[in-house]
Amino acid sequence: MIRFLDYIIAYMTTINDSNRFGKLTIKALKNFETNYNFKLPTDYKKFLLKHNGGNPSPKCVPYIETNVAWIYGIHNGESWASISENINSYRGRIPKEYLP
């Protein structure tokens with residue numbers, strides 16, 4: 001069964017604003033996983049190392065009826081685009097094994 005994130009990343013043909021808040025290093029990625037005590041999926045790690053978040057195009061994903069406006073990155077830029085800021089914001093409101 002294909003995971004939702006794998007499907008999203010595979011379907012998006014263009015990532016606009018790639019590395020908008022800076023390129024992600026392997027060290028920063030490992031620090032993130034250590035700080036939050038979980039491993040990100042391999043495909044998401046590859047995406048982050050290449051794009052570190054961004055605005056996907058097309059935004060609409062057929063068959064699962066969803067609209068993806070932004071894929072979060074690991075950075076100290078704008079909070080709305082940071083996975084860390086969103087994890088902290090949603091802490092206690094969604095199960096910890098889920099990413100916002």
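Exposed means over 50% relative accessible area, buried under 20%, and partly exposed lies in between. These cut-offs apply to every view of this predicted model.

View 1. Just past the end of H3 comes Asn 52, with a positive phi of about 50 degrees.

View 2. Which residues of H2 are buried? They are Leu 29, Phe 32, Glu 33 and Tyr 36. Down the axis of H2, the buried residues fall within an arc of 95 degrees, so they line one face of this helix. An α-helix has 3.6 residues a turn, so residues three or four places apart point the same way. The buried residues of H2 pack against H3 and against helix H4, residues 83-90. Turned away from the buried side is a face with the exposed residues Lys 27, Lys 30, Thr 34 and Asn 35.

**View 3. Where H2 crosses H3.** Two packed helices are described by the angle between their axes and the distance between the axes. Here H2 spans residues 26-36 and H3 spans residues 42-50. Their axes come within 10 Å and cross at roughly 135 degrees. That makes H2 oblique to H3. The crossing is right-handed. By class, the contact of H2 with H3 has 4 nonpolar residues, 2 charged ones and no polar ones. On the H2 side the contact is made by Ile 26, Leu 29 and Glu 33. On the H3 side it is made by Lys 45, Leu 48 and Leu 49.

View 4. Most residues other than glycine have a negative phi, and most peptide bonds are trans. Asp 17 is not a glycine, yet its phi is positive, at about 60 degrees. Where is Asp 17 found? It is in the loop between strand S1, residues 14-16, and H2. At 38% relative accessibility, Asp 17 counts as partly exposed. Asn 19 is also placed in the loop between S1 and H2. Its phi is positive too, near 55 degrees, and Asn 19 is likewise a residue other than glycine.

**View 5. Gly 77 and Gly 22.** Gly 77 sits in the loop between strand S4, residues 66-67, and H4. With a relative accessible area of 32%, Gly 77 is partly exposed. How many residues separate Gly 77 from Gly 22 in sequence? The two are 55 residues apart in sequence, but 8.4 Å apart in space, C-alpha to C-alpha.

**View 6. The whole chain, for orientation.** The protein has 4 helices and 4 strands. From the N terminus, the elements run α-β-α-α-β-β-β-α. Buried residues make up 34% of the 100 residues. Among contacts between residues at least 6 apart in sequence, 62% join residues at least 24 apart.

Technical notes:
Residues are numbered from 1 along each chain as its sequence is written. This is a predicted model: local features need pLDDT of at least 70, side-chain atom pairs count only at pLDDT 80 or more; totals for chains, interfaces and linings use all residues. Side-chain values use heavy atoms; hydrogens and water are left out. Axes are lines fitted to C-alpha atoms, for helices over the stretch in contact, and angles run from 0 to 180 degrees between N-to-C directions. Helices (H or I, at least four residues) and strands (E, at least two) are DSSP runs, numbered from the N terminus. Angles under 35 degrees count as roughly parallel, over 145 as roughly antiparallel, 65 to 115 as roughly perpendicular and the rest as oblique. A crossing is left-handed if the near helix is turned anticlockwise from the far one by less than a right angle, and right-handed if clockwise. Contact means heavy atoms within 4.5 Å. Ala, Val, Leu, Ile, Met, Phe, Trp, Tyr, Cys and Pro count as nonpolar, Asp, Glu, Lys and Arg as charged, and the others, Gly among them, as polar. Buried means under 20% relative accessible area, exposed over 50%, partly exposed in between (1.4 Å probe, protein chains only). The arc is that of the directions from the helix axis to the C-beta atoms.
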